[in-house]
Protein chains: 2
Amino acid sequence: MKKTLLLLAAWPVMTTAQSPIVRSVRSWRQANQVRLIESYRDFLAIPNIAADKAGLRATADAILRYMQAEGVADTRLLEAATPGQPPAVYGEVKTPGARHTVVFYAHYDGQPVDSTKWAAGLHPFRPRLTDGSLAKGANYLDWQRIRSAVSPDWRIYARGASDDKAGVFAILQAYAALKASGIQPSINIKFFFEGEEEAGSPHLAEIFDRYKDLLRADTWVICDGPVHQTGRKQVIFGVRGDTHLELTVYGPKRPLHSGHYGNWIPNPAMELARLLASMKDEKGQVTVKGFYDDVIPLSKSEREALAQMPPVEAQLQRELGIRKPERTGSLNDNLSLPSLNINGFAAAGVGEKSANVIPTQAVASIDLRLVAGNDWQRQQQKVIEHIRMQGFYVTEQAPTDAERMAHDRICRVVRSDGYNAQKTPMDDPLGRRVVRAVQAALPEPALLLPTLGGSLPLFIFEQRLGIRPITVPIANHDNNQHAENENIRIGNLWDGIDILASIMQAFGID
Amino acid sequence: MKKTLLLLAAWPVMTTAQSPIVRSVRSWRQANQVRLIESYRDFLAIPNIAADKAGLRATADAILRYMQAEGVADTRLLEAATPGQPPAVYGEVKTPGARHTVVFYAHYDGQPVDSTKWAAGLHPFRPRLTDGSLAKGANYLDWQRIRSAVSPDWRIYARGASDDKAGVFAILQAYAALKASGIQPSINIKFFFEGEEEAGSPHLAEIFDRYKDLLRADTWVICDGPVHQTGRKQVIFGVRGDTHLELTVYGPKRPLHSGHYGNWIPNPAMELARLLASMKDEKGQVTVKGFYDDVIPLSKSEREALAQMPPVEAQLQRELGIRKPERTGSLNDNLSLPSLNINGFAAAGVGEKSANVIPTQAVASIDLRLVAGNDWQRQQQKVIEHIRMQGFYVTEQAPTDAERMAHDRICRVVRSDGYNAQKTPMDDPLGRRVVRAVQAALPEPALLLPTLGGSLPLFIFEQRLGIRPITVPIANHDNNQHAENENIRIGNLWDGIDILASIMQAFGID
């Protein structure tokens, strides 16, 4: 018990509430933190990956039940026109006299998982509590421990813990906190929780088109992504676009003994390696023809805002064990450009599964990020042209025997869906209201970032709904989102509730 | 039943026995084929991969029991000096008055398996019977079907079916056939079945050193590898050497979101692709410095023997769906050179497991084949020097934080064991005895091949035992050895029994 008391005394940040509103929210949260954490743990235990549609549906139902219990009005699942897709979850809170309506967005689906890659003791859907970051040597804690005290540096590990069930949870608890504290929002609140963000939001436009009237609002607040690497909170005015290509290069029709055929029958892994290597030079410049051609350069105010960002490069390089970045220039300079990243590649086996074979095929999954000016289909096409220029016959299906006998090199390219980048001007009046409200919850100035390196389908919001969203991330930056060992720092969840409650309370005040 | 009779009538090869001895062996086999196939099926069901030491031990025990039931003398497990390794299985048959002793070698271990890659309905250790090659659209057959008739074109699918439990089985059944037919061998027979061939025979030299006296013989007949692609049988006078390198290129210490960090934090998959691509030019020439320097060119008689081999290139290209081979020249020309083959590579996930990440590492497994003149450790070293020349810091362990901060690019290289190539002169008198005996079992001339593209640790045989082995393969060439869907054509098993029995009976006759 003594140790716990000492720990409690060492949390000065808990006493620096910036507004009376945030102080009330925080007292409510402290009084309810055991229940909140247990409720979040149970929420994380519901599988939420695209390959498990039943799990996604159960996740949506859990959100619906939670909103109903909180008295949220008009709760419903918004289904796409295409049947059988993960629905969005909707609810609303009308505020008498409010002149503004704000939609709060998060997504409840998570990235695909390979549970064999998670650390010993972890499983994507069996949430665990730790006393810090496992990557830095933290220990597992029994869930009972939250009954005596909870440190903001403790973490919860599970798929979606940060990306983006944290957003769903913080938005709903922010509203619950205001309600329980008797604080009236200054806006009409609408909740919108998407279920296909990690799959590239293929049906979001359909949902927007179907429910255009229901979703009418002045702006959307997007709760997704990480805070700044320094731990400082940020408000973000844009996102990069995103699309993917999956490349399959073909070798012999059956796997061959590498001794009996090696170096005579071509090896598709070598051909794919050569193709991938041809896409970038040693300085990290993408060599695909025209790759950077459509880019609209940053505006003066965007460049000024970037200049205000604290430098993080040296810290990140140390933390990640990287001596030399792929490109010169700051991290943010590079996130203002389109990118080409190998998400993964595979051919036959390695390690214990390595055998002496010429593989039948080699596969690479490529991620293309886009900035203002890029069009996702045009960007895909540039890469496909590049593949052709390397001497490959490009097809969308596995090659037929006739195609095999007609071409020296064959690459199957499967294009994913995609969307363009989106930017909200940094002087947008509604954006300024968000910044002001976020600021009221913080002990130091929020950072204002012109664009996030990551992607959200905000282009579709602007195109279909005519609104310009503002992004307010809450997750710790070292959260392993999109990978094994995803986690959320509990203090980030708490701060997220403060910030979102502050937006709900302060946005509409002139 | 009518259909079966028709099928039987269509097997002319069954009536072309070349010698009375082979005719006796064949009648015995026909009378016993149901029992033989069932016994082989049960033998294949015992797991025989390096990762399963208990399975390997059970396989060795099964061979031991079989030899004991056949009355083979001095049956025993030969253990390496290093404890806990898969033993070799030994037995012998003394022939009164015989002046020659021949050891018959096969290996009972198989290549590693990834059972998820096997065709639907197949599993590496649940043998299945088919009416032909599944790759050409064959159907599964119930095992009961062998009770009415057995076509030589039927196949059995399982790990080791060809490589090399087929060798073990054919050797033992050849002896059983002679014994049951009352035919006396002309030689003393020793059986030697290795359990670590697919792991690179790391303890074979130890076993040879420990049991040098027991293993004394005039020559060894190696039953492993495939027959010629035309289906014709071959006798082989050499093998390539073999060794491996596993390369791991390191990226960030934790997986990173490709949007937030892509193209600033280097991607290890791209770096590995570039490294692999640097190892070969577009003409398939390995660009590692000095890679071909030590090669001893083929002798005149070897070149003449190669000129006698039927061309297979056009057939193979059609069969494998390859329009353009990696290198110019015939298949056998290229198998007379050292090679570099990517056995497999992996980084993060592809397909459904692809996520938007910068992977923490990328791994490639590389196979190096060696010809006469090459030294396996020197060949490894050349590749390692090449990796250094591409700007990589080479280490044998995962890099420390200090190493990460001291080097721009890091590649861990794990060297496997290995062995050199071996060649027996084509006019070797003992080799000629093998050729003569093989020939007696065949309806057409056997092909004489100076060296196999594949590898066996025959260098160690010559070095430790002072003998020059001769290889007599029996498996069909399209057997998928080393890969998923490994299979043996039943006719090849039968022919193997004929050939091996002929060697046992005829080798010692002057």
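Predicted model: local features only at pLDDT ≥ 70, side-chain atom pairs only at ≥ 80, totals over all residues.
Residues are numbered from 1 along each chain as its sequence is written, while chains are lettered from A and ligands numbered from 1 in the order in which they are written.

Select residues 20-44 for α2 and 490-506 for α15, both in chain A. Helices are DSSP runs of H or I, at least four residues; strands are runs of E, at least two, and both are numbered from the N terminus. The two axes lie 9 Å apart, at about 135 degrees (lines fitted to C-alpha atoms over the stretch in contact; angles run from 0 to 180 degrees between N-to-C directions).

Now show the contact residues (C-beta atoms, placed from the backbone, within 7 Å). On α2(A), pick Ile21(A), Val22(A), Val25(A), Arg26(A) and Arg29(A). On α15(A), pick Trp494(A), Ile497(A), Asp498(A), Ala501(A), Ser502(A) and Gln505(A).

Next, the sheet. Its 4 strands run β5-β4-β6-β21 in chain A, open and antiparallel (strands pair if DSSP finds at least two bridges between them). Residues 140-141 (β5) and 487-489 (β21) of chain A are the edges; each has a single partner strand, so one side has no neighbour in the sheet.

Select 128-130 for β4(A): 2 bridges join this strand to β5(A). Leu129(A) has Leu141(A) as its bridge partner.

Finally, return to α15(A). This helix packs on the sheet, touching β6 (155-157) and β21 of chain A. Its direction makes about 65 degrees with that of β21(A).

Definitions and conventions: Contact = placed C-beta atoms within 7 Å.
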